[in-house]
Amino acid sequence: MAKVSIIIPVYNVEKYLAECMESVVGQTLADIEIICVNDGSLDGSLKVLKEYERQDHRIVLISQENRGYGSAVNCGMACASGEYVGIVEPDDYIAPDMYEELYRAAKEYALDFVKADFYRFTANEGGEREFAYNHLSPNPADYHKVFNPGRQPEALRFIMNTWSGIYRRDFLEKYGIRHHETPGASFQDNGFWIQTFVYGERAMLIDKPYYRNRRDNPDSSVNSREKVYCINIEYDYIRGLLIKNPVVWERFKYMYWFKKYHNYMGTLWRIGEEYRREYVLRFSEELKRGMALGEIKRDVFSDSAWSHIEGMTEDAEQYYICRVYAKSVDERLFERINELELKNQKLKNEIARVRGSKSFRLGRMILCVPGKLRKLVGGKR
């Protein structure tokens with residue numbers, strides 16, 4: 001049995017895949033199983049994976065027709081034999097000691113799961129990467145101690161991700177914790193994340209960033225403006241899971257709505273402007289139903305969040321016009337101003353470049369010579 005099975009779901013990421021694979025095969029924890037699930041890639045991803053499989057006996061390569069992220073990860077989990085399971089997304093990469101240190105903590109404290117801080121990064125026009133440190137919790141006291149997430153609903157306030165940690169495989173099997181499988185959909189890791197917190201008994205956060213999460217892949221689900229209701233589908237699925245156990249639902253329903261609200265708000269500003277009015281109207285109806293069922297609690301939300309909830313439930317049309325459409329107009333106006341300022345600055349830079357060139361200075365000198373000669377000749381007369 002490997003100590004950690006690492007699952008890499010792959011779909012059309014040839015551009016980034018080698019960097020990801022190098023970071024995984026180069027782990028200081030040698031006793032790992034690397035399960036690569038090629039989810040019907042149409043580019044050269046499969047070729048890259050086959051080359052790594054040829055070089056490293058720890059790699060298990062599986063190919064399937066395109067069924068989506070959730071299906072690919074679940075396929076990997078079904079094949080995993082490791083004591084713990086980790087997930088690496090194929091356009092990301094990880095620090096060399098990530099799994100060695102997470103596994104050491106998991107074993108020392110007999111954890112169901114352990115998660116760590118992480119970096120998000122983008123590359124600027126020059127290709128230089130800019131990293132932003134992300135804390136799972138803003139409270140230092142939440143780190144390096146064993147806690148029982150299943151008894152602490154407030155833990156759902158932690159930043160949501162599935163890939164910055166590892167999970168005991170027996171724990172996942174005991175509760176049947178898997179990703180939602182919806183062809184073509186996205187955000188299927190939300191349900192997996194919430195289930196681990198709902199059913200986990202021993203967990204820990206570590207304040208060291210091992211994982212590097214890319215945010216500039218144009219094909220990433222978070223950048224898809226057309227996938228409007230994927231997050232709604234995911235939270236309907238999560239609610240369906242939780243209400244099967246009345247005790248669990250009663251304990252977590254308020255924080256379920258906290259997480260749902262913030263993910264919906266993120267979606268509202270991610271999708272295209274042409275979808276936002278319709279999205280606000282649906283958001284409003286879901287909030288009203290939640291309130292009618294007594295599932296939404298004022299104390300869970302900040303004053304700012306609650307003002308948005310009140311605005312949407314009292315008059316969704318007015319909320320859209322005053323707080324969504326107006327902001328969209330402002331954003332377009334600022335974008336246009338910035339665009340014009342950038343063009344103006346580029347023009348100024350070009351003029352300065354031309355004026356500073358040798359050819360310009362030489363041409364100016366030549367043009368000035370006849371005038372000076374006339375003055376000289378006139379003076380002699």
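This is a predicted model: local features need pLDDT of at least 70, side-chain atom pairs count only at pLDDT 80 or more; totals for chains, interfaces and linings use all residues.
Residues are numbered from 1 along each chain as its sequence is written, and side-chain values use heavy atoms, with hydrogens and water left out.

Rings of Phe, Tyr and Trp (its six-membered ring) were paired if their centres lie within 6.5 Å, with planes under 30 degrees apart counted as stacked, over 60 as edge-to-face and the rest as tilted. Searching the whole structure in this way gives 28 aromatic pairs. One of them joins Tyr119 and Tyr133 in an edge-to-face arrangement, at 5.6 Å centre to centre and with 80 degrees between the planes. This pair links distant parts of the chain, 14 residues apart: Tyr119 belongs to strand β6 (residues 113-123) and Tyr133 to strand β7 (residues 129-134). Helices (H or I, at least four residues) and strands (E, at least two) are DSSP runs here, numbered from the N terminus. Accessibility is sorted into buried (under 20% relative accessible area), exposed (over 50%) and partly exposed in between, using a 1.4 Å probe and protein chains only. Tyr119 is partly exposed at 23%, and Tyr133 is partly exposed at 33%.

A second pair has a tilted geometry: the ring centres of Tyr235 and Tyr256 are 5.8 Å apart and their planes meet at 50 degrees. Because Tyr235 lies in helix α7 (residues 230-242) and Tyr256 in helix α8 (residues 246-270), the pair ties together parts 21 residues apart in sequence. Both Tyr235 and Tyr256 are buried. They also belong to a cluster linked by ring pairs, made up of Tyr229, Tyr235, Trp249, Tyr256, Trp257, Phe258, Tyr261, Tyr264, Tyr279, Phe283, Phe301 and Trp306.

Charges meet rings as well, a charge being over a ring if NZ of Lys or CZ of Arg is within 6 Å of the ring centre and within 35 degrees of the ring normal. Arg157 lies over the face of Phe258, 4.5 Å from the ring centre. For Lys327, the charged end sits over the ring of Trp269, at 4.3 Å from its centre.

After α4 comes Ala110, with a positive phi near 50 degrees.

Turning to salt bridges (a side-chain nitrogen of Lys or Arg within 4 Å of a carboxyl oxygen of Asp or Glu), the count comes to 18. In one of them, Glu19 and Arg129 meet at 2.8 Å, N to O. Since Glu19 is in helix α1 (residues 14-25) and Arg129 in strand β7, parts that are 110 residues apart in sequence are tied together. Glu19 is partly exposed, with a relative accessible area of 30%, and Arg129 is partly exposed at 29%. Arg239 forms a salt bridge with Glu295, with the closest N and O atoms 2.4 Å apart. Arg239 is partly exposed at 24%, whereas Glu295 is buried at 4%.

Within helix α9, Glu285 and Lys288 lie three residues apart, about one turn of the helix, and their side chains meet in a salt bridge of 3.6 Å, N to O. Glu285 is partly exposed at 40%, as is Lys288 at 36%. Salt bridges that share partners also join Glu19, Arg129 and Arg214 into one network.

Finally, Asn213 lies in strand β9 and is buried at 4% relative accessibility. Contacts (heavy atoms within 4.5 Å) connect Asn213 to Asp92, Phe118, Tyr119, Arg120, Phe121 and Trp163, not counting residues up to four places away in sequence.
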